[in-house]
Structure formats: structure tokens, C-alpha cells
Amino acid sequence: MLETEKAAFQVKTGADDQQLADLEAFRERLTEANAVMNLVGPDSLPDFWNRHAWDSAQLLNFAPGALTWADLGAGAGFPGVILTILLKGREGAHVWLIDSLGKRCRFLQEIVDALDLPATVLNGRAEAQSVTCDIVTARAVAPMERLLGYAQPYFERGAQGLFLKGEKAESELIEARKSWHFDAELAPSQSDPRGRIVSIRSLRRVRTTR
């Protein structure tokens, strides 16, 4: 089953054999680490190639020219590690993997070192980092209203947002507009029909009047 799903992933992404080898090495290390540290739901690992790898990789279709990415709350490496592996070898490509929990950052650093990835792991609050990038992204970090607060500094430095969201994406955007002005586009996820890819531009806070 895993080999069939891996082959399907290769067809959908155009990943080469070395990228597939790196992704497989990442999957194996994640499985080992997950046995002692709760990085992802263990029931999701058998569906690694669709639920995690393809779910992350599809973001590249929405910003094919983007070379620099910041993954906020990078956690187990989705989408950041997947994006880094697929961008590896492209001149100027770099991904920042940002997480506030030290043990997750240590896991991410082990992956970056083992696979020689063009990535920097940053341990700290997302909104406190001074990273300039093309795209700021996140998956399963926080409701949109709070997530935009974490991402605001990146937008101020010129980034656009591409966020992986679930079936509550529309209601989260409605709630977020109470605090933020922004342009948003939603597209269906290609890995899960319930999911949404949320593209955000022109972010600024709503001015409150007294």
C-alpha cells in the first residue's frame, strides 16, 4: 500500500528519485520519533503519502515561483520539511522551520542535518522572528484570527500567506475579519475534500474606534 501511494505521490508532484528517497527517510525517522514523542496522530502514519506528504506538497502548486518559506508551528515538519525536500537543489531556496517547543525543534534539526536540507530551525515564538520570505505557511496551528497575529510580521516584510485549513476555514475567516482586513481566496484541498487552502494577501489590523 505504501509503495502504491508513494508512486501516486511521485506522479502528482513530479518528485525525482532522490526526493522520494529523502521523503522516505523522513517518514522512517518520523515513525521512530513518534513512538516516544507525540508529533502526529499514530493512526495517520499509514496514510503518510497522502495525508501528510501530498497535503503539504500541494502548496507548491499555489506558489510555484516561491523559493523562501516560513512554516509557523512547524511541529512534525508539515508542511515545512516536505516543501524543503521538494525545493532542495533550486538556487535560492530556503525554508525556516519555526516552533516554540524545544523537543520538536531538536527533531526537526536532526532531519535537516541528516538530509542536508536548505532549512533553518528556529526555536521560539513565530511572531518574534525576523524572517523575510516569499510565503508564510502553517498547518493545524491555531484558528485563523490568532494565526494571522502570528503571521503579521511576515506580511509586513512582504510575505503572502498560504495556510492549510480544515472544514471550518470559512467560519474562521468570518471571525478573523472582526480583527483583520485582508484579501482571501479559498481553494479545495487536493488531499482531503473537507480541507481548504487559504491564500491571504494585504493583511492589516482593523482599527478600533473609541
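Which residues does Gln129 touch, not counting residues up to four places away in sequence? In this predicted model, Gln129 touches Ile98, Leu122, Gly124, Tyr154 and Arg157 once those sequence neighbours are left aside.

## The loop between S3 and S4

Gln129 is found in the loop that runs between strand S3 (119-123) and strand S4 (135-139). With a relative accessibility of 16%, Gln129 counts as buried, because the cut-off for that class is under 20%. Its contacts, again not counting residues up to four places away in sequence, include Leu122 and Gly124 as well as Tyr154 and Arg157.

Glu127 lies in the loop between S3 and S4 as well, but at 26% relative accessibility Glu127 counts as partly exposed. The residues that Glu127 touches, with those up to four places away in sequence not counted, are Gly149, Tyr150 and Pro153.

## Packing of helices H2 and H5

In general, a pair of packed helices is described by the angle between their axes together with the distance between those axes. Helix H2 (residues 17-34) packs with helix H5 (residues 80-87) at an angle of about 155°, and the two axes are 9 Å apart. H2 is therefore roughly antiparallel to H5, since an angle over 145 degrees falls in that class. The crossing of H2 and H5 is right-handed.

On the H2 side, the contact is made by Gln19, Asp22, Leu23 and Phe26, and on the H5 side by Val81, Ile82, Ile85 and Leu86. Sorted by residue class, the contact of H2 with H5 comprises six nonpolar residues, one polar residue and one charged residue.

How many disulfides does the model hold? The count comes to zero disulfides, where a disulfide would call for a pair of cysteine sulfur atoms within 2.5 Å. For Cys105, the closest cysteine sulfur is that of Cys133, and because the two sulfur atoms are 17 Å apart, they are too far from each other for a bond. Taken from the side of Cys133, the closest cysteine sulfur is in Cys105, at 17 Å, which is likewise too far for a bond.

Are these cysteines buried or exposed? Cys105 is buried, with a relative accessible area of 6%, and Cys133 counts as buried at 5% relative accessibility.

Notes
Residues numbered from 1 in each chain as written. Predicted model: local features only at pLDDT ≥ 70, side-chain atom pairs only at ≥ 80, totals over all residues. Heavy atoms only, no water. Buried < 20%, exposed > 50% of the residue type's maximum accessible area, 1.4 Å probe, protein only. Axes fitted to C-alpha atoms, helices over the stretch in contact; angles between N-to-C directions. Helix = DSSP H or I, 4+ residues; strand = E, 2+ residues; numbered from the N terminus. Parallel < 35°, antiparallel > 145°, perpendicular 65-115°, else oblique. Left-handed = near helix turned anticlockwise from the far one by under 90°. Contact = heavy atoms within 4.5 Å. Nonpolar A, V, L, I, M, F, W, Y, C, P; charged D, E, K, R; others polar.
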